[in-house]
Amino acid sequence: MTDGSVREVWGVGGGSGSGKSTLVGMFVAAMPPRTVTVLSFDAYYRDLSHLSAADRAAMNFDHPDSLESELLLKHLDALCAGGSVAMPDYDFAAHTRLPGTAALDPAPVVLVEGILLYAFPQLCSRFDFKVFIDVPEDVRLERRIARDVVTRGRSEESVRAQFAATVAPMHWEFVQPGRDVAERVVEHGEDYVVVAHELAARARALLV
């Protein structure tokens, strides 16, 4: 058993379509209940409800400025201090925040997942252990098309256009450098089940 106090803060970063959410889900499933709290950086995109739909769609969502990092840091620090937080709920189709929030409580491992994690020095400095998932661009693009067409109502053409205009260039400027700061780089082709259990074994050692 554990008292729920935070022992370590972990980051899981990588490009759009690299499989971060998949790996994190497997990791959480391999851990005892209530030992991991997951903060999704994607939930902290800035609310653009004050803009027209056309202006929202034209924004660069792959630049660090698109995320409210200040709020994420506030929530992360609150969890580490033993408090609970209300993580925002973001509507990716409308580019606005929804009224509801997700209540999160502290746990021995607080894991922050997101594309641009390592582009923020203040956030990066809080991680005790950093994971980066490195997947080739063509694979990430195909995964993004499959996701956005089905879950976000996008056309394949629009997904490809956005990828070329902002996703790819922002990846090489702000995301890929995260590989150089990570303690564990997950290479393309590695079995995520095996990696998840490797990470869980490391994390469970903190519970002793």
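**Salt bridges and their surroundings**

Modeller: Glu198 and Arg184 are joined by a salt bridge whose closest N and O atoms are 2.9 Å apart, the term standing for a side-chain nitrogen of Lys or Arg within 4 Å of a carboxyl oxygen of Asp or Glu. Because Glu198 belongs to helix H7 (residues 192-204) and Arg184 to strand E7 (residues 184-187), the pair ties together parts that are 14 residues apart in sequence; helices (H or I, at least four residues) and strands (E, at least two) are DSSP runs, numbered from the N terminus. Glu198 is partly exposed, at a relative accessible area of 38%, while Arg184, at 15%, counts as buried. Salt bridges with shared partners also link Arg144, Arg147, Asp148 and Arg154 into one network. For the accessibility classes, buried means under 20% relative accessible area, exposed over 50%, and partly exposed in between, with a 1.4 Å probe and protein chains only.

Before going on, please keep in mind that this is a predicted model, in which local features need pLDDT of at least 70 and side-chain atom pairs count only at pLDDT 80 or more, whereas totals for chains, interfaces and linings use all residues. Residues are numbered from 1 along each chain as its sequence is written, and side-chain values use heavy atoms, with hydrogens and water left out.

By the distance rule above, the count comes to 13 salt bridges. One of them joins the side chains of Arg97 and Glu68, at 2.7 Å from N to O. Arg97 lies in strand E4 (residues 96-104) and Glu68 in the loop between helix H2 (53-57) and helix H3 (69-80), so this contact ties together parts that are 29 residues apart in sequence. Arg97 is partly exposed at a relative accessible area of 22%, and Glu68 is likewise partly exposed, at 22% relative accessibility.

A further salt bridge is formed by Glu187 with Arg179, the closest N and O atoms being 2.8 Å apart. Here Glu187 counts as partly exposed at 34% relative accessibility, and Arg179 is partly exposed as well, with a relative accessible area of 28%.

As a setting beyond these pairs, consider strand E5 (residues 109-114), of which 6 of 6 residues are buried. Strand E1 (residues 8-14) pairs with E5 in the parallel sense over 6 bridges, and strand E2 (residues 36-40) runs parallel to E5, joined to it by 5 bridges; strands are taken to pair if DSSP finds at least two bridges between them.
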